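Subject: Structure for your review

Dear colleague,

Please find below the sequence and structure that I am handing over to you. My findings follow directly after it.

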Amino acid sequence: MSHLFQTYSRWNINIKKAKGTIVQDEKGNAYLDFVQGIAVCNLGHCPDSVTAALKKQLDDVWHVSNLFQNELQEKVAQLLAKNSAGDLVFFCNSGAEANEGAVKLARKHTKKTKIVTFQQSFHGRTYAGMAATGQEKIKHGFGPMLEGFHYLPYNEPKAFAELQDEKDIAAVMLEPIQGEGGVIPASREFLQSVQDFCRDKQALLIIDEVQTGIGRTGKAFGYEHEGLSPDIVTVAKGLGSGFPVGAVIGKKELSEAFSPGSHGTTFGGNMLAMAAANATLETIFDRSFLEEVSAKGAFLHQQLKDKLQFPLVKDIRGKGLIAGIECKEPVQPLIEALQKEGLLVLPAGPNVIRLLPPLTVAKSEIKAAVEKLKDVMANHSAVKQ
């Protein structure tokens, strides 16, 4: 009997060792890992630079409290501000906490309450995160949601015309690529329409970069591809290379809303988290590193389009090193077959295979993964016939 709440449908794989792109289970089976903790281990498993930073910090101090000065927090905040549209940072422990903080910041600054989000979005599992999420299955059974959220169709610039009481909108919140919703990139026209709407209505633009940020798309943040200037950016996942950490990045104009006592967290900005984040960002925010990610992303998408020409495949989409393969039927059998072939991938909804290799992945590993996808799909198609 397990003493864990059964909140996850777990695979029958027990990872015991991991390094870079490769993980190994308790039986000694090796897998090419294109999950990476769901876009968390952006530098691969146990990167040397982050490991060294954590080991050093372990010998100095783990945790003190946010009542004290914290030079590491200042250093990481400077890196995030320098490489984003923001100026100020609040550290927390997860993407859900970051999105929760963003909602609080937007409401307090604007003195308005309505938040516009989008259908099929995912923003976390706290009550504000669930309320912001445009998927009913996330909310089932939890009673009344936090009020004030309005959901529009994603990628439809004209959808804003249906909004009522526009003067009470505090913010519009979106993912530049919907990850859990099916790896759906937002169009340039749509994103520009959102930004124009926010500026016209004096609403804040919140970009949820929990999955797409920290280099995943080939830029520091996904919104940069379309020239946006968000008021608030939320990050987590890849920020700490596997160490729990999240952040809310905001423009300096929002500073008064988060004054002393207005928001807080015991563990947010913890010394160990900051050591991991600092070492992670020093590598990923290097321009040449991001250029390599962009090139490898283009290579991945071209390989997928060239090799996966099966009637089963409906669409291939994404940006950088996040890719979604939409199929015409449920993909769980394919995911299980890929595991037997030594490749770990995950779903994004019932019909989409999601690939999230580390940003350090080699082109040879990309080719190997695509070959495994090709073989499994070919076998699957043959059995169907």
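Leaving aside its neighbours within four places in sequence, which residues is T265 in contact with? They are N66, F90, F91, C92, N93 and E97, where contact means heavy atoms within 4.5 Å.

Before the remaining findings, a note on the basis of the values. This is a predicted model, in which local features need pLDDT of at least 70 and side-chain atom pairs count only at pLDDT 80 or more, while totals for chains, interfaces and linings use all residues. Residues are numbered from 1 along each chain as its sequence is written, and side-chain values use heavy atoms, with hydrogens and water left out.

Annotated positions

For "binding site", an unreviewed UniProt entry lists R125 and T265. From this set, T265 is part of the lining of the second largest pocket. UniProt positions are given in the numbering used here, feature names are shortened, and annotations may be inferred rather than shown by experiment.

T265 is placed in the loop between strand 12 (246-250) and helix 8 (271-284). Helices (H or I, at least four residues) and strands (E, at least two) are DSSP runs, numbered from the N terminus. T265 counts as partly exposed because its relative accessibility is 22%; buried means under 20% relative accessible area, exposed over 50%, and partly exposed in between (1.4 Å probe, protein chains only).

The other listed residue, R125, lies in the loop between strand 5 (114-118) and helix 5 (127-132). With a relative accessible area of 59%, R125 is exposed. Residues up to four places away in sequence not being counted, R125 touches A96, M130 and I138.

The unreviewed UniProt entry also places the feature "modified residue: N6-(pyridoxal phosphate)lysine" at K237. K237 lies in the loop between strand 11 (232-235) and strand 12, and its relative accessible area of 22% makes K237 partly exposed. Apart from neighbours within four places in sequence, K237 is in contact with I38, A39, V40, V210, Q211 and V245.

Salt bridges

Side chains of opposite charge can pair when their charged atoms come close. The structure holds 11 salt bridges, a salt bridge being a side-chain nitrogen of Lys or Arg within 4 Å of a carboxyl oxygen of Asp or Glu. One of them joins the side chains of D60 and K56 at 3.3 Å, N to O, and K56 is exposed, with a relative accessible area of 56%. Another links D200 and K201 at 3.4 Å, N to O.

R317 forms a salt bridge with D315, and their closest N and O atoms are 3.1 Å apart. Salt bridges that share partners join K314, D315, R317 and E326 into one network.

The loop between helix 2 and helix 3

V64 is placed in the loop between helix 2 (48-58) and helix 3 (71-82). Together with L67 and F68, V64 makes a nonpolar surface patch of about 350 Å². Patches are made of residues with over 30% relative accessible area and no salt bridge: like charges are joined within 9 Å, and nonpolar side chains (Val, Leu, Ile, Met, Phe, Trp, Tyr) within 5 Å. Accessible areas come from the Shrake-Rupley method with a 1.4 Å probe, and for residues only the protein chains shown count as cover. V64 itself is partly exposed, with a relative accessible area of 37%.

D59 is also placed in the loop between helix 2 and helix 3, and D59 is exposed at 68% relative accessible area. D59 and T217 are 158 residues apart in sequence and 35 Å apart in space, C-alpha to C-alpha.

Two glutamines

Q73 lies in helix 3 and counts as buried at 18% relative accessibility. Neighbours within four places in sequence aside, Q73 is in contact with N66, F91, G268, G269 and M274. Q303 is placed in helix 9 (residues 287-307) and is buried, with a relative accessible area of 11%.

With kind regards

Definitions and conventions:
1 Å grid on protein atoms, 1.4 Å probe; cavity = no way out; pocket = protein on both sides within 12 Å on 5 of 7 lines; lining within 4 Å.
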